[in-house]
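Student: I'd like a close look at one part of this model, and then to see what surrounds it in the story. Where would you start?

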Amino acid sequence: MASCVLHVLPACFVGLFSGCCAMFFGGVYPSLGCSHSVVLNAVLSVVLTNNCLLFLVLCAKSPSCPLHQQRHHRAYQALFPPNELIYFRQHYHDPTLALCSKCLLPTLPRMLHCKHCDRCVLDFDHHCYWINNCVGYYNYKYFLVFILNLAAILCLSVYFNFLFLRQAYSANSAAYAHVAHSPLNYKLLVFLVVSNKQNEVAGILLIVCFFLAWFLFIFLYQMLNNIYLGINASEYKKWANVQSLVQAHLLYYNSENNTYYQRSASTLRPLNKLDHHSIPISSRTRPVTSIDNIDNIYDSGFAQNLLLKLASPFPS
Ligand SMILES: [Zn+2]
Ligand SMILES: [Zn+2]
């Protein structure tokens, strides 16, 4: 029953995408008068084919390679070492915690067990219900290109549907003269849309694009912002917690043992919950006054972060 529910959203996506394509190519595109353009047809073919292929790949491709990770555990550890802020070395050396309790795979920093897919995923970003699959180390690049491709389809769709309505206005501007004088007037747009069946199709597609664009562009912004910050979506809350400690002047750093502490009254408790050695505030410890003073070891700058996401190399 649960797996049936998980397949509803991918089916909805296929239905929505197919329906919009049928409406566009059945009612709008042939009337545009640009169907003979080789460049335009090529661009449309590429983005639409890309969308179908990437969707299939994302639904089918595993975001993790458990066997490879087991064989090359040390190399993966070197790829994502503990940062002693949200992932702690002690955790991965503790035999009782070094294995995932659900799938018994050796755990690594930035690895999370997805409850929907029942598997551990390296560099786990999130479980996407629209593809019913996790987004992680080995499929993030496809997901990012898929989102960019969808954004391109939305932009093209808005352009073509506006072009269609503009042409409808130009072809019979006298009939709309009593509504407004400007071709971009809001009232004129509504009147144009409801004036005949073909215009209605373009209007419905524009409304669909308008609502989808909000979700898509906000989501794309969040993805790019996470790449810029050197974090993944599943780490966002953990980093926000570190940031709130900094803002409350509760985060301390001891350079002698490279350990971060949280101030509690006059003592400092290690951020690592497995470490029970509290220490007093002294000259060896200093408060972290700004989040910029914290070195995020997973952040190598936007370009390098993006490159690592796109390349996702197999450590060997
Ligand atoms: Zn697991
Ligand atoms: Zn999942």
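Student: How many bridges join strand β1 (residues 111–114) to strand β2 (residues 119–122), and do the two run parallel or antiparallel?

Tutor: Four bridges join β1 to β2, and the two run antiparallel. Keep in mind that this is a predicted model: local features need pLDDT of at least 70, side-chain atom pairs count only at pLDDT 80 or more, and totals for chains, interfaces and linings use all residues. As for labels, residues are numbered from 1 along each chain as its sequence is written, with chains lettered from A and ligands numbered from 1 in the order in which they are written. Strands (E, at least two residues) and helices (H or I, at least four) are DSSP runs numbered from the N terminus, and two strands pair if DSSP finds at least two bridges between them.

Back to your pair: Leu112 has Val121 of β2 as its bridge partner. Together β1 and β2 make a hairpin with four residues between them, and Asp118 in that turn has a positive phi of about 55°.

Now for the helices. UniProt, in an unreviewed entry, places "transmembrane region" at residues 38–60, 142–164 and 201–221; its positions are given in the numbering used here, feature names are shortened, and annotations may be inferred rather than shown by experiment. Residues 38–60 are 100% helix, with end C-alpha atoms 33 Å apart. Residues 201–221 are also 100% helix, with ends 30 Å apart.

Helix α3 (residues 38–60) comes within 9 Å of α7 (residues 140–171), axis to axis, crossing at roughly 145°. Axes here are lines fitted to C-alpha atoms, for helices over the stretch in contact, and angles run from 0 to 180 degrees between N-to-C directions. The residues touching include Leu44, Asn51 and Leu58 of α3 and Phe146, Asn149 and Ile153 of α7, where contact means C-beta atoms, placed from the backbone, within 7 Å.

Notes:
Contact = placed C-beta atoms within 7 Å.
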